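Let's take a walk through this one, from a sheet to a helix pair to a pocket. Keep the viewer open as you read.

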Amino acid sequence: MRFGKYDKKFRTYRILQMATVEKYETKAGIRYLVQYRKPDRTQTKKRGFKTKRDAELFKATVEVSKARGEYIDPKLANVTVAELGPSWVERKQHLKPSSFRPTETAWRLHVQPVWGKRVISGIPHTEVQAWVTKLSVGDDKAKPPVKPKSATTVIRAYGVLAGILDDAVKDRRMLANPARGVNLPRKKKKAHVYLSHDDVSKLADNSRYPLLVRVLAYCGLRWGEAVALRIKDVDLIKRRLRVDQNAVRVDGKIFVGTPKGHERRSVPYPAFLSAAILKACKDKHPDDLLFPDGNGYYMRPPHTGRNRVSWLDAAVNAARVSRVTPHDLRHTFASFAVSAGANVKVLQKMMGHASAAMTLDVYAELFDDDMDAVAIALDNVVSK
């Protein structure tokens, strides 16, 4: 059966061939095949239907899917996750090393072993949900037993699988992504540790790097941003630190790049740090690091290893303050800034957050007093 389609280019009707059903004989008996044209005008066929009715149903499905623009080429759909995964991971190399490495690890440890051999067209939504749940709660019956993974690990692994299937949808390999709409575990927010001014003073005085501790606590820099500071990044007149680079440790190696979010910024430091910073800059070349290690290279984070106490742990023990990480000192700066009257927008800019909404999401608890102030102000107005 033929039908016409108007071709605007040639101003005439183009004759197209609709799908046809043909019968053929095999040793097992009569079988049917459907011969049809794909949207790109190439001809193909599907064999092996046991009844003419099944062949007719498939034929109708093909014609409807072409008419709706939903046709998926079976050859493109007949591909495994393992065939698509490596190229998807490779395309993520534009990410910072600290982001790319966990992504590659999630693919290698959690996605490829489970989904690698699966054809994408045969992945059901419910099976993806079961996989996410199993990662979240573990599996005691497995040999060996599988321990529950953190919400961060589960969400990252899910993101890799969903991302691969998203690309398959864009490439017309499948009509919809079966991984979307899955219920994911919620990340539990870790309680922030806030030191007092007195605590910071004790911690710094008992530390091998007192100026670094104070800069982290009173400037709000990330660890990688602080240890990447060079002498040329210090403006002694305006009392500013130019945050231009970030030194991050990944797999034992230091990678230097732009700050998180690629947002460069200038951060003021309090006047009481001026003398110590001036001393740290004295007799140094502009390209020298402000806080180098013993060899003049980037300092590594003070992680605590087995049977080993870092310089920060030693300072915490000596000062008898709450156990903190370098990032907790950044949180401490946020509490100092809010107490000093900084609004959300100022805090966002100083800390290098992508948006004020992100700052509020992280430090909403620090603005509780502001809410109380609103209630007091309203009470005063109504009382008058």
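Two strands count as paired here if DSSP finds at least two bridges between them. What you're looking at is a predicted model, and by that rule β3 and strand β4 (residues 29-37) pair in the antiparallel sense, over seven bridges. Within β4, I30 is the residue opposite E25.

Next, the helix pair. Helix α3 (residues 81-90) and helix α4 (residues 97-115) have axes that come within 11 Å and cross at roughly 180°, which means α3 is roughly antiparallel to α4. On the α3 side the contact uses V81, A82, G85, P86, W88 and V89, while α4 brings F100, T103, E104, W107 and W115. By type, the contact residues split into eight nonpolar, two polar and one charged.

Finally, the largest pocket, with about 2100 Å³ of space. It is lined by 50 residues, and K187, R222, K260, H327 and H331 are the closest to its centre. Helix α4 turns up again among the elements giving two or more residues to the lining, but the largest share, five residues, comes from α12. Overall the lining divides into 17 nonpolar, 17 polar and 16 charged residues.

Conventions: Residues are numbered from 1 along each chain as its sequence is written. This is a predicted model: local features need pLDDT of at least 70, side-chain atom pairs count only at pLDDT 80 or more; totals for chains, interfaces and linings use all residues. Side-chain values use heavy atoms; hydrogens and water are left out. Axes are lines fitted to C-alpha atoms, for helices over the stretch in contact, and angles run from 0 to 180 degrees between N-to-C directions. Helices (H or I, at least four residues) and strands (E, at least two) are DSSP runs, numbered from the N terminus. Angles under 35 degrees count as roughly parallel, over 145 as roughly antiparallel, 65 to 115 as roughly perpendicular and the rest as oblique. Contact means heavy atoms within 4.5 Å. Ala, Val, Leu, Ile, Met, Phe, Trp, Tyr, Cys and Pro count as nonpolar, Asp, Glu, Lys and Arg as charged, and the others, Gly among them, as polar. On a 1 Å grid over the protein atoms alone, a cavity is a set of points where a 1.4 Å probe fits but cannot get out, and a pocket is an open set with protein on both sides within 12 Å along at least five of seven lines; lining residues have an atom within 4 Å of a point. Grid points are joined across faces, edges and corners, and a volume is the space filled by probe spheres set on the points.
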